[in-house]
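Open the model in your viewer and keep the sequence panel beside it. We will go stop by stop, selecting as we go.

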Amino acid sequence: MRKSTRTLLAAALVLGVAAGPAVVPAVAAAPPAAAASQASSPDLSAVIAGLPRADATAALVRVGGTEGSWRGSAGVHDLESGAPADPAARFRAGSVTKVFTAATVLQLAAEGRIDLDRPARSYLPDLIPGRYARVTVRQLLNHTHGIPAPDFPGDTVEEWYANRFVVHTPEAMVRSATAKPREFRPGTRQHYLNIGYTIAGLLVERVTGDTYERQVERRILRPLGLRDTYLPGEAAEITGPYNHGYQTMRLDDGTTGLRDVSVWGTTDGWAAGDLVSTTADLERFTRVLFKGGVVRGPLLEEMFTLPKVPDLKSGDPAAYSAGLSMKKLGGREVWGKTGGRWGYNSAIASTRDGARTLVYSVNSTDAKGQDMNPTALGLMVAAYGLPE
């Protein structure tokens, strides 16, 4: 990593930890001190101390593995009451959903019901047109398929908020995307998009004759005892206890401020981004996944194999595998997945040997922003070190 980039990351970390809130609504009570359990971790504690801040209203964190464990929570359940954040709360996990979808597809591949090298069109001939006839299942999972994103109503957060209850069907999203010319020849570039996982969810349904949601529940949620994790379908409200999510946007009176965005439909994400979970459930999932208890045998290596192609936009080497992504932090490879929905950022991460795992949920006010949320960035750097 260039020195200038490292300096910017360090500056972002300092700002995220020490700058404090630029604007916090007057209704917010004094922020509670970070609550921690097990082994102390001053760096992680410092990252979440002082919440709520301008960039986040709450954070829930779990670090585990053979190097030691730490748990912490900070911030508020909601800005109106100022009550402390619930460390067991559910949250929107966003694109962490892709890890569950990839694992489900890979289980089906292990059973011989899906061939990763077979064209996706051979499973969904009525939905995928001839121009995408060569896109394989593996390319759907590692984002080398070349299919563009579908069209959605709205370009700004305010427009998205106005359309938050619109139901998007996966079939309609696939038709919208595949009606467009391909971005590149399949297998020659990587472009991280949701659409490959939308198709993968439909593929699961086609080969099993069951819903995507029931397959994930039967194959992953129930066997691992993930009782607080579920796929919401068309429901716009989080079931059970949750810490409210807020997003900075233009308000009805024309000013810019925080709006409660906890209730928001996620059908646009579906198999790519609609999961609801807790840090405890995601920590267990991460630990079992990396030990080979979710995807077994050679197919697990699909999740730790990066395609040897450049990224479409940056030209850098591909960073996404089937379900996961990899970054070198603190001198070692860290595999995992981040996720973002309006009002929420989340992540699972681990070294390949499970020596250190990290799971967090940050109630970010800038979710889906161009840059990584400062609190989320601070947690990743505190847990693993700076990028190379």
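Begin with Leu251. Leu251 sits in the loop that links strand E5 (246-250) to strand E6 (256-260). Bear in mind throughout that this is a predicted model.

Is Leu251 buried, exposed or partly exposed? Its relative accessibility is 25%. Buried would need under 20% and exposed over 50%, so Leu251 counts as partly exposed.

Leu251 and Glu158 are 93 residues apart along the chain. Their C-alpha atoms are separated by 8.5 Å.

Next, select residues 56-64, strand E2, together with residues 70-75, strand E3. The two strands run antiparallel. How many bridges join E2 to E3? There are 6 bridges.

Follow the chain through the turn. E2 and E3 form a hairpin, with 5 residues between the strands. Stop at Gly65 in that turn, where phi is positive, at about 110°.

For the last stop, select Arg134, Arg182, Arg185 and Arg189. These four residues form a positive surface patch. Zoom in on Arg182. Where does Arg182 lie? Look in the loop between helix H6 (170-178) and helix H7 (195-208). Arg182 has a relative accessible area of 43%, so this residue is partly exposed.

Technical notes: Residues are numbered from 1 along each chain as its sequence is written. This is a predicted model: local features need pLDDT of at least 70, side-chain atom pairs count only at pLDDT 80 or more; totals for chains, interfaces and linings use all residues. Side-chain values use heavy atoms; hydrogens and water are left out. Buried means under 20% relative accessible area, exposed over 50%, partly exposed in between (1.4 Å probe, protein chains only). Helices (H or I, at least four residues) and strands (E, at least two) are DSSP runs, numbered from the N terminus. Two strands pair if DSSP finds at least two bridges between them. Patches are made of residues with over 30% relative accessible area and no salt bridge: like charges are joined within 9 Å, nonpolar side chains (Val, Leu, Ile, Met, Phe, Trp, Tyr) within 5 Å. Accessible areas come from the Shrake-Rupley method with a 1.4 Å probe; for residues, only the protein chains shown count as cover. A salt bridge is a side-chain nitrogen of Lys or Arg within 4 Å of a carboxyl oxygen of Asp or Glu. Lys and Arg count as positive and Asp and Glu as negative; His and the chain ends are not counted. The place of a charge is taken as NZ of Lys, CZ of Arg, CG of Asp or CD of Glu.
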